[in-house]
Amino acid sequence: MPLIRLQDIWRSYQMAAETVHALRGVSLSIERGEYVAIMGPSGSGKSTMMNLLGCLDTPTSGTYELNGTDVSHRDDNELAEIRNREIGFVFQTFNLLARATALRNVELPMVYAGVSPDERREKALVALAAVGLADRVDHRPNELSGGQRQRVAVARALVNSPSILLADEPTGNLDSKTGVEILALFDELASKGNTIIVVTHEEKVALHSRRIVRILDGNIASDEQVRRVEGRESRFEGKPAPDPSA
Amino acid sequence: MAMVALAAHKLRSALTLVGVTVGVFSIILVMTVMRGLQQNIESELSGLGANTFTIEKWPAINFEGPSGWERFRRRKNLSYQHWQALREQATRARSVAAEAPFAMGEVASRFERSNPDVAVNGVTPETFLARNWLVEAGRALLPGDLDGSRNVCVLGNTIMKKLFPQGGALRETVKFSGVNYQIVGYLEPKGGFGGQAQDNFILIPITTGLNRFGGAQWRSLTLYVQTHNQDEMEDTVEQVRGVLRKVRKVPPGEVDDFEISSNDSLIQQFRDLTLAVRVGVAVVSSIALLAAGIGIMNIMLVSVTERTREIGIRRAIGAKKRNILTQFIMEAVVICEVGGLIGVILGVAGGNAGAYYLKLPPVFPVDWAIIGLAICSVVGIVFGTYPAIKAANLDPVESLRYE
């Protein structure tokens, strides 16, 4: 059973008089432990895709099964619970709470999950240590570098042990060196068995993944595995991905 | 969490607080002063023994203005004969006492002399009971002291200590305006406040006083009637009224030409008198709190807009609508509570400063402090709810994208 199964997903927006179809019948399967990049130019529907995958939005039609349960028609509260439990977000602009320390930021998802304060603190410290920020727990975001902020965001995303790490242009606001560090962190997380979905328009970022899904005009244009060459990543194999309905 | 948000906008929060502070301050200030006044009146009244009411020529509070005073002035005095008549005919009463202030001046013992502010009061044996005076040493005045108009006295505790610093007051004499009075006893301290003025008196038999200081014609006594228990109060009052009307020859249909008052009735009069003030304060404070509430709503709406992104982040990582709702309502409540707390502190401080100025005992109106803070919470909830609903209903996708 795939972790994620999208079947004939449509997402339409009512803009004034006309209906805009952001997604036009997308079908996609992602297995547990995969590291997938979703690529596409702006306006392609990849943001809509990410919102749907992240349960921030629901499809106009079609079904989205996450972990074997249909989440395409849940109400607001249920979606919030699913996001809290199943999905860890990493954003381009980090999206940390500016007035809270790194520790408080990482604790936040557990606050909404109803974890006790002691356990919260303990788990947050472990998560921060795992991204190499054990000595920065009491710093506020404005006292941290961009790379450190994104690490805090990653720690926050992972602290509730979600099914998916969903990253939206995670290196978009970082210089190339720090970007590489974050991507290395993602590689490490992927190698530990985390399911990672990165939405990006940067080829270099996408090449870190094992599978690239390209979206164009609300549809999947291509879906390919990345071949890994010893010592460096490059070129993809060009082999079609497994049939999503399979 | 709410405190963090408050601390982040110190000036804004402070300005918002002011409205609430002013509203609560005014409530607490007035209530503190009122409470002080009331306690003062009650503590003076509690000088009366249990189940006791007083009869006087003058009312405690005149509601009729200058013409009222004129009418009261024309009344017959309460005389020694009235007291005697009551004592014989008011059968329901447990005791009937009389008291009259005769003079004020300097009292001297062998050792010391007092300031010229010692009251010389004429009393009857029953007065000790009615006034709740307890004899510490020696004895109270007895009927024989009255019958013989003897020159004996009982000292208040303060004056006893002043005149006999080494003790041993019994069987000594004190001299007041040239006459020696033998001390037969002195009282336990009453524990008055503000210099123990309550104990600064000497008590002599009322007959002695009337003989010596005169004025039997123009002096009006205060009579104290004690009943057997609270239930008999009303009946006793009626009987006393009947007896007094008879001996004072008040024609049927005329109003009483004397005033009967008990602790309860005096406190009630005070409450009625201050009701208008309290209602006025309540109205003004309500308006202040309404304005403060609107200010809070305004600032919360700004805050929601400013923190749209934060709301988006919280929603993305799993906050439900009601989490956001509670967070913003809590912030409004905390603003109100902090403002209210400051208001309570300032109000109690200001009220007690006023009380000090009026020489009243310090008070802390706990009930009003709690009511004030409860009102603050209500204001916070009422005016914080709309902004909080707005915050909770923001679309997570939209608010994450908000710049």
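Visitor: What is the strand order in the open sheet of chain A?
Guide: The order is β2-β1-β4-β5 in chain A. That makes an open sheet of four strands, with antiparallel pairing. Keep in mind that this is a predicted model.

Visitor: Which strands stand at the edges?
Guide: β2(A) and β5(A), the latter covering residues 69-70. Each has a single partner strand, so one side of each is left without a neighbour in the sheet.

Visitor: What holds strands together in general?
Guide: Strands of a sheet pair through backbone hydrogen bonds, in either a parallel or an antiparallel way.

Visitor: OK, how many bridges join β1(A) to β2(A)?
Guide: There are 10 bridges, and the two strands run antiparallel. β2(A) covers residues 18-30. Take Arg5(A): its bridge partner in β2(A) is Ser29(A). Gln14(A) is partnered with Thr19(A) of β2(A).

Visitor: What do β1(A) and β2(A) form?
Guide: A hairpin, with two residues between the strands. Look at Ala16(A) in the turn: its phi is positive, about 50°.

Visitor: And β1(A) with β4(A), how many bridges there?
Guide: Five bridges, again with the strands antiparallel. β1(A) spans residues 4-15 and β4(A) spans residues 61-66. To see one spot, find Trp10(A), which stands opposite Ser61(A) in β4(A).

Visitor: How many bridges join β4(A) to β5(A)?
Guide: Two bridges, with the strands antiparallel. Leu66(A) has Thr69(A) of β5(A) as its bridge partner.

Visitor: Which helix packs on the sheet?
Guide: Helix α1 of chain A, residues 46-53. It touches β1, β2 and β4 of chain A. Its direction makes about 120° with that of β1(A).

Visitor: New topic. How many salt bridges are there over all chains?
Guide: A search of the whole structure finds 33. One of them joins the side chains of Glu34(A) and Arg211(A), at 3.0 Å from N to O.

Visitor: Where do Glu34(A) and Arg211(A) lie?
Guide: Glu34(A) is in the loop between β2 and β3 of chain A. Arg211(A) is in strand β9 of chain A, residues 211-216. The pair links distant parts of the chain, 177 residues apart.

Visitor: Now the two chains. How many residues does each give to the contact?
Guide: Chain B gives 23 residues and chain A gives 21.

Visitor: What area do chain B and chain A bury between them?
Guide: About 2,000 Å², with 58% of it on carbon and sulfur atoms.

Visitor: How many salt bridges are found across the interface?
Guide: Three. In one salt bridge, Arg99(A) meets Glu310(B), and the closest N and O atoms are 3.3 Å apart. Eight residue pairs are also in polar contact across the interface.

Visitor: Which elements of chain B give two or more residues to that side?
Guide: They are α1 (2-8), α11 (308-316), α12 (321-357) and α14 (396-401) of chain B. α11(B) gives the most, with six residues.

Visitor: What classes of residue are on that side of chain B?
Guide: The side that touches chain A has 11 nonpolar, four polar and eight charged residues.

Notes:
Residues numbered from 1 in each chain as written. Chains lettered and ligands numbered in written order. Predicted model: local features only at pLDDT ≥ 70, side-chain atom pairs only at ≥ 80, totals over all residues. Heavy atoms only, no water. Contact = heavy atoms within 4.5 Å. Buried area = accessible area lost by both parts, 1.4 Å probe. Salt bridge = Lys/Arg side-chain N within 4 Å of Asp/Glu carboxyl O. Polar contact = N/O pair within 3.5 Å; in protein donor to acceptor, adjacent residues only side chain to side chain. Nonpolar A, V, L, I, M, F, W, Y, C, P; charged D, E, K, R; others polar. Pairing = 2+ DSSP bridges. Axes fitted to C-alpha atoms, helices over the stretch in contact; angles between N-to-C directions.
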